[in-house]
Amino acid sequence: MRKRIWETYNSFYFIGAGGVSMSALAKFLLLKGAKVAGSDKSHSVYVDDLTAIGAEIFVGDCKKSIEEFDVIVYTDAINESNLQLAQARGLNKPIISRGQLLTEISRSFERVIAISGCHGKTTAASMLAHIFMTAEKGFCAHIGGRDARLSNFYYCGNEYFITEACEYKQNFLLLKPDISVVLNTDPDHLECYGNAENLRLAYKRFAGSAEIAVTPFNDLLIGGLTFGYDKNADYSAENIIENSGKFSFDICEKGVNCGKVSLCVYGKHNVLNALAAAAAARAAGISFEAVKKGLLSFTGVERRFEHIGNANGAEIIADYAHHPDEIATAINTANSIVKGRLLVIFQPHTYSRTKNLFKDFIKALSPLKNLLVYRTFAAREYFDDAGSALTLSQGLCNSRYGDEIRDISEFMSGAQSGDIILVLGAGDIYELAKSAAANFSA
């Protein structure tokens with residue numbers, strides 16, 4: 001058996017260490033006894049996590065030499081002109097991408113369950129981890145968000161590796177799962193794929209790479225276990241009941257009613273996430289009783305319809321939604337529980353996504369009467385007016401544009417008791433909104 005990378009090398013430097021996936025992988029290497037350091041352009045709770053367990057993380061415009069480290073790990077979110085990445089190349093250091101390291105780690109486990117999809121990955125992966133914990137299975141979870149109980153990384157054995165599988169730049173095709181899960185195949189990252197059909201073909205390849213595939217019913221991907229609302233799906237939901245935005249339902253397995261499950265998180269879309277997690281768990285041989293208890297123990301993930309404060313008696317809820325379909329889902333969920341008005345703050349994530357899906361963003365946001373579109377979180381991209389937040393705002397009738405935190409505070413100040421302020425986006429809008437919310441509770 002060949003040596004794993006952490007058995008061959010002693011030290012690793014992470015460029016972009018504060019990312020949710022990067023920090024989880026760094027935690028794994030620390031667990032294996034490796035020396036870990038890294039840098040990130042901004043401070044985050046994940047930087048604090050790594051520092052607390054022995055990593056040295058530099059925040060800001062880092063020019064620290066990486067010469068003393070054996071292997072350099074980088075995230076796709078960084079620019080190719082990054083100084084430390086250029087230095088590593090100049091020194092002929094072994095350089096590995098986030099996706100490659102994730103694949104290397106996954107291969108050290110007996111079985112791999114990989115969860116893909118344009119949206120829902122973090123929630124479904126967290127649900128599955130809670131099910132495995134309830135079943136007392138030996139597993140490791142690599143989660144693309146901060147689960148209320150498990151954070152973004154949890155380890156209790158080498159039998160199963162549960163991971164999100166990101167479609168960006170076809171990273172998910174590096175993995176070789178035993179059980180693949182496709183939650184949905186909605187178009188995204190078209191700057192990488194060219195068109196929606198190429199993206200769907202990649203999902204088909206990913207699903208087909210596993211012994212067992214879990215796919216949406218009627219999505220026409222490949223055979224395997226299907227889930228959905230249709231009673232002909234292998235895993236379907238019956239007797240769905242809503243209670244103040246949260247759902248309970250019966251899970252049917254190949255036509256047999258296995259009993260009722262209840263969810264502690266908001267939104268009907270989580271019924272489908274739960275069905276997918278249940279299908280993967282059952283494929284791994286886990287009892288329905290453990291599925292039921294595990295789903296009940298899942299209380300949510302940071303930035304997934306999370307309460308972050310109040311303003312003038314209005315509840316402030318943050319959600320990671322940054323794709324038109326996710327935005328529509330979050331808005332529908334908020335509308336199902338709001339007593340007064342719904343006020344929405346949305347930050348577009350990348351110019352290319354906004355440009356490629358511009359009509360879909362307009363459709364998702366047009367019904368809103370109270371909307372603030374905040375400056376684009378560019379991530380890895382350069383300015384493109386056609387995909388800017390200002391251009392999007394100008395295309396909407398009931399929208400205002402903001403680019404400073406005072407714009408967020410001013411917008412929030414217009415709320416009153418019974419309203420909900422829904423903060424949407426995958427960029428820095430979360431921290432900005434939390435800072436603005438703190439002013440109202442001070």
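Me: What makes a set of residues a nonpolar core?
Reply: A nonpolar core is a set of buried Ala, Val, Leu, Ile, Met, Phe, Trp, Tyr and Cys residues joined through side-chain atoms within 4.5 Å. Keep in mind that this is a predicted model. The largest nonpolar core here has 47 residues, and Ile 113, Leu 128, Phe 132, Phe 249, Ile 251 and Leu 295 touch the most other members.

Me: Which helix gives the most to this core?
Reply: That's helix H9 (residues 269-283), with nine residues.

Me: What does Leu 295 touch?
Reply: Leaving out residues up to four places away in sequence, Leu 295 touches Met 127, Ile 131, Ile 251, Val 261, Ser 262, Leu 263 and Ala 274. There's also a second, separate core of 43 residues, with Phe 153, Leu 173, Ala 202 and Phe 206 included.

Me: How do you know that S18 and S21 pair?
Reply: Pairing takes at least two bridges. Strand S18 (residues 342-346) and strand S21 (residues 420-424) have five bridges, in the parallel sense, so they pair. As one example, Leu 342 has Ile 420 as its bridge partner in S21.

Me: Where does helix H11 pack?
Reply: Helix H11 (residues 324-335) packs on the sheet and touches strand S17 (314-319), S18 and S21, its direction making about 165° with that of S21.

Me: What is the strand order, and why do S16 and S20 stand at the edges?
Reply: Six strands run S16-S17-S21-S18-S19-S20 in an open sheet with mixed pairing. S16 (306-311) and S20 (399-402) each have a single partner strand, so one side of each lacks a neighbour in the sheet. From one strand to the next, the twist averages 20°.

How values were computed. Residues numbered from 1 in each chain as written. Predicted model: local features only at pLDDT ≥ 70, side-chain atom pairs only at ≥ 80, totals over all residues. Heavy atoms only, no water. Helix = DSSP H or I, 4+ residues; strand = E, 2+ residues; numbered from the N terminus. Axes fitted to C-alpha atoms, helices over the stretch in contact; angles between N-to-C directions. Contact = heavy atoms within 4.5 Å. Buried < 20%, exposed > 50% of the residue type's maximum accessible area, 1.4 Å probe, protein only.
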